[in-house]
Amino acid sequence: NQNLLTTVRQQPRVATDALHGLPNFYKIKITTPQFRLAYHVNDAENLLTIVAISSRDDVYLLLQSRQS
């Protein structure tokens, strides 16, 4: 959704969407179907990077495996 992406670009740090245990990582909930988009915010480089898109449960496992 274009409006959602515009909102995230303007205000990427939403406290309720922060991923616990992963500093500067946030999520976007996609409800139909049940997916999560995880992204990282780098203020120093003014950069927002999408790091994972997967089903609700799998996205967290995917992020944990990438942190190892």
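Ile53 counts as exposed, because its relative accessibility is 52% and exposed residues are those over 50% relative accessible area, buried ones those under 20%, and partly exposed ones those in between, with a 1.4 Å probe and protein chains only. The model is a predicted one, in which local features need pLDDT of at least 70 and side-chain atom pairs count only at pLDDT 80 or more, whereas totals for chains, interfaces and linings use all residues. Residues are numbered from 1 along each chain as its sequence is written, and side-chain values use heavy atoms, with hydrogens and water left out.

Ile53 lies in strand 3, where helices (H or I, at least four residues) and strands (E, at least two) are DSSP runs numbered from the N terminus. Together with Ile30, Phe35, Leu48 and Ile50, Ile53 forms a nonpolar patch on the surface, and the accessible area of these residues comes to about 400 Å². Patches are made of residues with over 30% relative accessible area and no salt bridge, like charges being joined within 9 Å and nonpolar side chains (Val, Leu, Ile, Met, Phe, Trp, Tyr) within 5 Å; the areas come from the Shrake-Rupley method with a 1.4 Å probe, and for residues only the protein chains shown count as cover. Strand 3, which covers residues 47-55, supplies the largest share of the nonpolar patch, namely 3 residues.

The chain as a whole contains 2 helices and 3 strands, and these follow one another along the sequence in the pattern α-β-β-β-α. For 68 residues a compact globule would have a radius of gyration near 11 Å, and the 12 Å of the chain agrees with this; the radius is taken over C-alpha atoms, and the globule rule is 2.2 Å times the number of residues to the power 0.38. The C-alpha trace spans about 30 × 25 × 20 Å along its principal axes. Buried residues make up 25% of the 68 residues, while the chain exposes about 5000 Å², of which carbon and sulfur atoms supply 52%. Of the contacts (heavy atoms within 4.5 Å) with a separation of 6 or more, 19% are between residues 24 or more positions apart.

The strands are paired, a term that requires DSSP to find at least two bridges between two strands. Strand 1 (residues 25-30) and strand 2 (residues 35-42) run antiparallel and are joined by 6 bridges, with a hairpin of 4 residues leading from strand 1 to strand 2. Within this pair, Ile30 has Phe35 in strand 2 as its bridge partner, and both residues also belong to the nonpolar patch. Asn42 stands opposite Leu47 of strand 3, and Arg36 has Ser54 of strand 3 as its bridge partner.

Ser54, which is found in strand 3, is buried, because its relative accessible area is 15%. Leaving out residues up to four places away in sequence, Ser54 touches Phe35, Arg36 and Val59. In a regular strand the side chains alternate between the two faces of the sheet.

The loop between helix 1 (2-10) and strand 1 contains Pro12, which is buried because its relative accessible area is 18%. Apart from neighbours within four places in sequence, Pro12 is in contact with Tyr26, Tyr39, Val41 and Leu48. Pro12 and Phe25 are 13 residues apart in sequence, and their C-alpha atoms are 9.7 Å apart in space.

With a salt bridge defined as a side-chain nitrogen of Lys or Arg within 4 Å of a carboxyl oxygen of Asp or Glu, the count comes to 1. This salt bridge is formed by Arg13 and Asp43, whose closest N and O atoms are 2.6 Å apart. The pair links distant parts of the chain, with Arg13 in the loop between helix 1 and strand 1 and Asp43 in the loop between strand 2 and strand 3, 30 residues apart. Arg13 is partly exposed, with a relative accessible area of 28%, whereas Asp43 counts as exposed at 54% relative accessibility.
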